[in-house]
Amino acid sequence: EGRAKIVVPGDEPVQIAGSPHLEKLEPYGDLVLYEDRPESLEEKVKRVQEADVIMNTRGAVTWGADEFKYLPKLKMITTCSIGTDMFDLEAARQQGITICNQPGRTAPVVAEHMFALMFSVARRVAFMTSEMKAGRWPRMDSVMLQGKTLGMVGTGNIGAEMARLANAVGMEVIAWTFNPSPERGEQLGVRFVELDELLQTADVVSLHVALTDDTRGMIGQREFGLMKEGTFILNGARGAVVDTDALIEALNS
């Protein structure tokens with residue numbers, strides 16, 4: 001009695017199974033772990049019907065009012081990610097369900113990945129590797145990033161780490177955020193500018209904003225039109241921050 005029921009509703013790809021940290025949950029409750037993702041609303045609800053806590057739900061598995069109405073016992077959902085767009089936060093609030101994420105903890109990992117992508121594009125690593133594997137040795141220009149301008153859209157935890165890495169290799173970093181301040185700019189080693197100026201100036205545009213009503217589709221046809229020819233764009237945010245049709249059009253041009 002008094003032990004919580006903790007359910008991992010779909011650990012795919014594997015992130016939790018086999019972790020030594022699972023032993024730390026033993027004093028608090030009993031864990032049930034499903035290795036595959038639920039394929040329907042009914043299956044999803046059935047797996048967590050008796051759960052007090054849902055742990056490490058994946059981004060592809062959404063939770064909202066339709067699910068919560070069948071889960072009167074549910075008190076908490078935790079995710080190992082930063083993003084919370086898989087949850088209807090207002091519906092959770094109304095039902096008294098606490099949503100926990102991991103802001104900041106993965107920022108160095110994501111920023112390093114974005115940094116690697118920037119270098120990969122600049123040096124055309126994927127293309128050149130495939131050419132060499134095919135026995136070809138093409139001569140092709142690549143881009144030296146030192147001295148180039150990185151335009152950061154969003155300066156949260158990931159953006160801050162990305163700015164630090166870019167400054168370290170000798171890039172000039174400019175940035176746009178909803179709430180710029182001279183103190184924040186000095187702390188990050190960036191110069192805050194208006195979004196249009198950033199898009200017109202930057203050699204590399206790197207997106208690091210949360211997906212909200214304000215940011216959905218914020219990079220569209222008009223914004224691509226402002227960018228210099230040959231601009232690199234890195235999306236470290238959600239896909240929907242960029243208008244897909246406009247992106248395809250820009251790539252084709």
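Everything here comes from a predicted model, where local features need pLDDT of at least 70 and side-chain atom pairs count only at pLDDT 80 or more, while totals for chains, interfaces and linings use all residues. Residues are numbered from 1 along each chain as its sequence is written, and side-chain values use heavy atoms, leaving out hydrogens and water.

**View 1. Arg-238 meets Asp-85 in a salt bridge.** The N to O distance is 3.0 Å (a salt bridge puts a side-chain nitrogen of Lys or Arg within 4 Å of a carboxyl oxygen of Asp or Glu). Asp-85 sits in the loop between S4 and helix H3 (89-94), and Arg-238 in the loop between S10 and helix H10 (244-252), so the pair ties together parts 153 residues apart in sequence (helices are DSSP runs of H or I with at least four residues, strands runs of E with at least two, numbered from the N terminus). Asp-85 is partly exposed too, at 43%.

**View 2. Lys-44 and Glu-67 form a salt bridge at 2.9 Å, N to O.** Lys-44 belongs to helix H1 (residues 41-47) and Glu-67 to helix H2 (residues 65-68), 23 residues apart. Both Lys-44 and Glu-67 are buried.

**View 3. Met-162 has contacts with Met-118 and Leu-150, among others** (contact means heavy atoms within 4.5 Å). Leaving aside neighbours within four places in sequence, its partners also include Phe-115, His-208 and Leu-234.

Note on methods. Buried < 20%, exposed > 50% of the residue type's maximum accessible area, 1.4 Å probe, protein only.
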